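Hello,

Here is the structure for your files. My notes on it follow below.

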Amino acid sequence: MARVAGMWWGSAVACALMWSVGVAAGGQPPTQTPRAVAAKMNNPVASNPASIASGQALYGKYCRFCHGATGQGDSPSAPKDMKPSNLTDTTWDRGSSPGEIFTVIQEGAGPEFKMKGLKGKVSDQDTWHLVNYVRSLGGVAK
Ligand code: HEC
């Protein structure tokens, strides 16, 4: 674990270095952070009742045992070493836009990644259904 954390810090430092070199060399604005890119992603799947129902079924399979039946992060079966986010409140540490939620589901919830990403397990289409379901829980402006 310490080694992994070290690698993480190492790459963070490397990124910061590349960033400052890039700015000094070209005077170009730095390339966008992954989060900023995620925020601009377009959700290709309309948030209609059918999509939300698909998302709810997927949620029951992949998310409920941590985030709880109603999304409040209070599931008794969640591993004891973690506190899954409440998906019904208005606090979104990783952003509440469709693309940001999509990225958390696919890549996992960093920097600790106790919640692992579902990349390779759940298709993009199904991930967007999950996004539509999560966003229907009441935590974000419609
Ligand atoms: C193993 C338990 C676990 C599973 C399974 C899980 N999560 Fe998470 N989730 C977490 C934890 C832990 C966090 C991060 C909490 C923190 O850092 O404060 C998190 C964070 C999130 C966030 C970010 C919330 C915010 O405030 O920014 C979203 C969105 C999310 N999960 C959605 C999902 C969805 C959708 C699924 C199913 C596809 C899922 N999670 C499956 C444990 C889990």
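Which element gives the largest share of the shell around the ligand? It is α5, with three residues. This is a predicted model, in which local features need pLDDT of at least 70 and side-chain atom pairs count only at pLDDT 80 or more, while totals for chains, interfaces and linings use all residues. Residues are numbered from 1 along each chain as its sequence is written.

The ligand has 24 residues around it, and Cys 63, Cys 66, Ser 85, Arg 94 and Met 115 come nearest (a residue is near if its C-beta atom, placed from the backbone, lies within 6 Å of the molecule). Two or more residues of the shell come from each of α4 (64-67), α5 (98-107) and α6 (124-135). Helices are DSSP runs of H or I with at least four residues, numbered from the N terminus. By type, the shell holds 17 nonpolar residues (Ala, Val, Leu, Ile, Met, Phe, Trp, Tyr, Cys and Pro), four charged (Asp, Glu, Lys and Arg) and three polar (the others, Gly among them).

The largest nonpolar core has twelve residues, among them Tyr 59, Cys 63, Leu 130 and Tyr 133. Such a core is a set of buried Ala, Val, Leu, Ile, Met, Phe, Trp, Tyr and Cys residues joined through C-beta atoms within 7 Å; buried means 20 or more other C-beta atoms within 10 Å, exposed 12 or fewer, and partly exposed in between. Its largest share, five residues, comes from α6.

Ala 50 sits in helix α3 (residues 49-62). Ala 50 is exposed because 12 other C-beta atoms lie within 10 Å. From Ala 50 to His 129 is 79 residues in sequence and 8.9 Å in space, C-alpha to C-alpha.

Regards
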